[in-house]
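Biologist: Could you take a close look at one part of this model with me? I'd enjoy going through it slowly.

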Amino acid sequence: MKADFVNPIYEATTDVLQSMLELDVKRGELKTSEELISGNEANVAIGVTGDLSGSILFSFSRDMALSMVESMAGMEVNELDKFVTSALGEVANIISGNAATFLNQQDYDCDIVPPRVIIGENQSLSMATDSVLVIPLKTDMGEFEINLAIWSNK
């Protein structure tokens with residue numbers, strides 16, 4: 001997977017979490033996986049279309065997901081209900097939309113599809129590719145991952 005794809009998605013993630021939640025994001029060591037089984041409980045998948053195809057999966061622990069939504073909403077939340085999953089989907093949508101803008105600036109004409117929120121640990125997800133790039137990230141609210149399965153159609 002090209003850095004041309006990875007860097008805009010990472011940059012969009014750090015920008016959005018900094019502006020929305022005042023979170024500093026630190027990247028861990030990149031790794032690849034042949035299959036995608038998320039160990040986290042709150043997952044949001046966003047499809048990418050156009051010059052690039054594939055999926056971005058944002059994978060949050062339950063505690064981080066609840067903390068993020070509490071911070072955004074200014075109220076206590078205790079379960080991964082419709083309100084929380086809707087908010088997580090919107091955060092992932094904003095990040096992915098910004099990433100698409102960054103990718104368009106690099107001459108990749110691409111768009112995103114609406115988010116799909118998947119709740120539950122150890123869910124096996126098909127990313128329609130042989131390899132998934134896993135970007136582990138750390139914040140003061142917790143750790144999460146971005147899983148990328150993106151390829152160029154150019």
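Modeller: Happy to! This is a predicted model, so local features need pLDDT of at least 70, side-chain atom pairs count only at pLDDT 80 or more, and totals for chains, interfaces and linings use all residues. Residues are numbered from 1 along each chain as its sequence is written, and side-chain values use heavy atoms, with hydrogens and water left out.

Threonine 85 lies in helix α3; helices here are DSSP runs of H or I with at least four residues, numbered from the N terminus. Threonine 85 is buried, at 15% relative accessibility (buried means under 20% relative accessible area, with a 1.4 Å probe and protein chains only). A polar atom of its side chain lies 3.2 Å from the backbone oxygen of lysine 82. Beyond its neighbours within four places in sequence, threonine 85 is in contact with Leu80, Val117 and Ile119 (contact means heavy atoms within 4.5 Å).

Helix α3 (residues 82-105) also meets helix α1 (residues 3-21): their axes come within 8 Å and cross at roughly 135°. On the α3 side, the contact is made by Val91, Ile94, Ile95, Asn98, Ala99, Phe102 and Leu103, while α1 contributes residues including Phe5, Ile9 and Met20. The residues of this contact divide into 13 nonpolar, 2 polar and 3 charged, where Ala, Val, Leu, Ile, Met, Phe, Trp, Tyr, Cys and Pro count as nonpolar, Asp, Glu, Lys and Arg as charged, and the others, Gly among them, as polar.

Definitions and conventions: Axes are lines fitted to C-alpha atoms, for helices over the stretch in contact, and angles run from 0 to 180 degrees between N-to-C directions. Helices (H or I, at least four residues) and strands (E, at least two) are DSSP runs, numbered from the N terminus. Buried means under 20% relative accessible area, exposed over 50%, partly exposed in between (1.4 Å probe, protein chains only). A polar contact is a pair of N or O atoms within 3.5 Å; within protein, one must be able to donate a hydrogen and the other to accept it, and residues adjacent in sequence count only if both atoms are side-chain atoms.
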